[in-house]
Amino acid sequence: MMYKTLRDCVNRGALVFVAAALGVAGCQAWPESYPAGIDRIVVREKVRDARAQRVDGRPGLRVDSAAVSYLDAAIAAEDLDTARRDALAFVQQASDLAQRTAMNEIMRLDEDAVVRVQRRYFPDQQGLTREELIDAYAAQSQTSAAEVRRQVEEAAGLDELRRSLADVRDGIEDPVKYRGKSGRILMWLPFYLPSKMAAEQVQKNGPGCPVFLGGFERADVYQSSDESPSALARYAPVFVVERRADVNYDPRVDQIGEVSAEDSDHIVVGTDRPVVYAYSRHVLVSGQEHEQLVYTAWFPEHPEISEHDPMAGHIDGITVRLTLDHQSRPAIIETIANCGCFHGLYPTRRLEEAAAAEFGPPAGDASYALEREAGRQLNAHIPALLDVDGADSGPTVYVAAGWHSIVHVTFAGDESEDASTVRYTLRPYTDLELLPTPGGGYTSMFYDNGLVRHAQRPEGVFFTPLGMLSAGQPRQRETQLIYWDQYDFDDPGLLSRLLNLPSSF
């Protein structure tokens, strides 16, 4: 066939190219298996859960940092029994996480996406409910998880087990929190040095929030109403939130509240019902299993403390993490703002004494034997030691008004001269990842990159040249980086990187 003109030829070539591109896109949009199809469509619809990493070719497994710690321990183990034990713990955690996150993602799909899934994968079963789609995902995706479990259980030797686990490890996708960093640095390269100098100045001078001088003149004291025997309820913190009369903003923004969705894209914190969102996890620290109890509180906003305050923005929050020692006693408390700023470590005096006995007195400029020299990275910030002997309840956490910075932690609180006590409800953190909307659907507090919806700060622009993603914006668990992105808050190895942990830990 001859084309009349060059333009006809180009146009025909363009049509062929577009058709081919659409064909490829169609193939990518609809994988053969239903579990793989769901994984693809939740990415396209931007409802995927940022905290869970997928494993290539194994839709029945998704991982977070805790699960990966067991996988890495199994690969590094020197005997088959230990490797098999840690590998089975990994498979169980990864399988459970796949089911939970897939359920939330399916519930967050809009009706049009659900209909498209049904027509593609269940053409003879129109009208399936979301719950039935979730059950179908669970049934079909478990095949890949069961195959990995079988390989672990039937491995004849350590080398065979390591090979099968290495295949799984190689298939884990990169975490969302690290994506795009190099691109942001390259795009903003001319501003890298000024941004770095600004960050160093902030680090040198500290956050600038008020210094805690032994108490608040006035405060609201938030205590948990949960009296269940669980460790989460037993060690639930008391939050002492400073209440000031001389503020230039609505004082309600200094109250802990309940997170809700006005629609699929707009999240608010209402202070009529105080809620603290919590979860526990088991991680391997220096090869030993420890339980961590994590508590997150939210405020309606970070107010404008001064004119053009770069930290001001919609929704603010804080996190308290309590790590128990091998005897299930409080050992270390960590505190951060939910954006990842202002990480603080509060070890117990008992742990410091054990570190001094094992490693000797503090080295160099360190104040504590627990402090590990970090080389070119930032050292851990240890404001104080905690006296917890005989403690059978949680810590008291002091929060500055306006800044919402945690300025002090103790197990023997002296709240304030004028304090009003409020009971808060302890709720699962998963509630934040599946919020009902007034229209009958569901959404997440977080975008698919982990950032809280519409909560960006002006300071995010200042530090983008360092590769940081929207600095100052609160974010989801498993996406929080600390110390200017030098460390991962959810890394189970964080404590052993920052501290000289004694063997008795």
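Mentor: Happy to! Let us start with a word we will need: two residues are in contact, or touch, when they have heavy atoms within 4.5 Å. Please keep in mind that this is a predicted model.

With that in hand, look at Ile333. Not counting residues up to four places away in sequence, Ile333 touches Val320, Arg321 and Leu322, then Gly344, Leu345 and Tyr346, and also Leu386, Pro395, Val409 and Phe411. Ile333 belongs to the largest nonpolar core, which has 29 residues. Together with Phe239, Tyr295 and Val399, Ile333 is among the members that touch the most others in this core. Two or more residues come from each of these strands: β4 (238-242), β7 (275-285), β8 (288-302), β9 (313-324), β12 (396-399), β13 (406-410) and β14 (416-428). There is also a second, separate core of 25 residues, with Ala66, Tyr483, Leu494 and Leu501 among them.

Now for the surface. Met187, Trp188, Phe191, Val461 and Phe462 make a nonpolar patch of about 560 Å². Phe191 sits in the loop between α8 (181-187) and α9 (192-205). Its relative accessible area is 49%, so Phe191 counts as partly exposed.

Follow the chain back to the loop between α7 (158-170) and α8, and you will find Gly171. Gly171 is buried, because its relative accessible area is 14%. Beyond residues up to four places away in sequence, Gly171 touches Arg54, Val55 and Asp56. Gly57 is 114 residues from Gly171 in sequence, yet their C-alpha atoms are 7.7 Å apart in space.

Key
Residues are numbered from 1 along each chain as its sequence is written. This is a predicted model: local features need pLDDT of at least 70, side-chain atom pairs count only at pLDDT 80 or more; totals for chains, interfaces and linings use all residues. Side-chain values use heavy atoms; hydrogens and water are left out. Patches are made of residues with over 30% relative accessible area and no salt bridge: like charges are joined within 9 Å, nonpolar side chains (Val, Leu, Ile, Met, Phe, Trp, Tyr) within 5 Å. Accessible areas come from the Shrake-Rupley method with a 1.4 Å probe; for residues, only the protein chains shown count as cover. A salt bridge is a side-chain nitrogen of Lys or Arg within 4 Å of a carboxyl oxygen of Asp or Glu. Helices (H or I, at least four residues) and strands (E, at least two) are DSSP runs, numbered from the N terminus. Buried means under 20% relative accessible area, exposed over 50%, partly exposed in between (1.4 Å probe, protein chains only). A nonpolar core is a set of buried Ala, Val, Leu, Ile, Met, Phe, Trp, Tyr and Cys residues joined through side-chain atoms within 4.5 Å.
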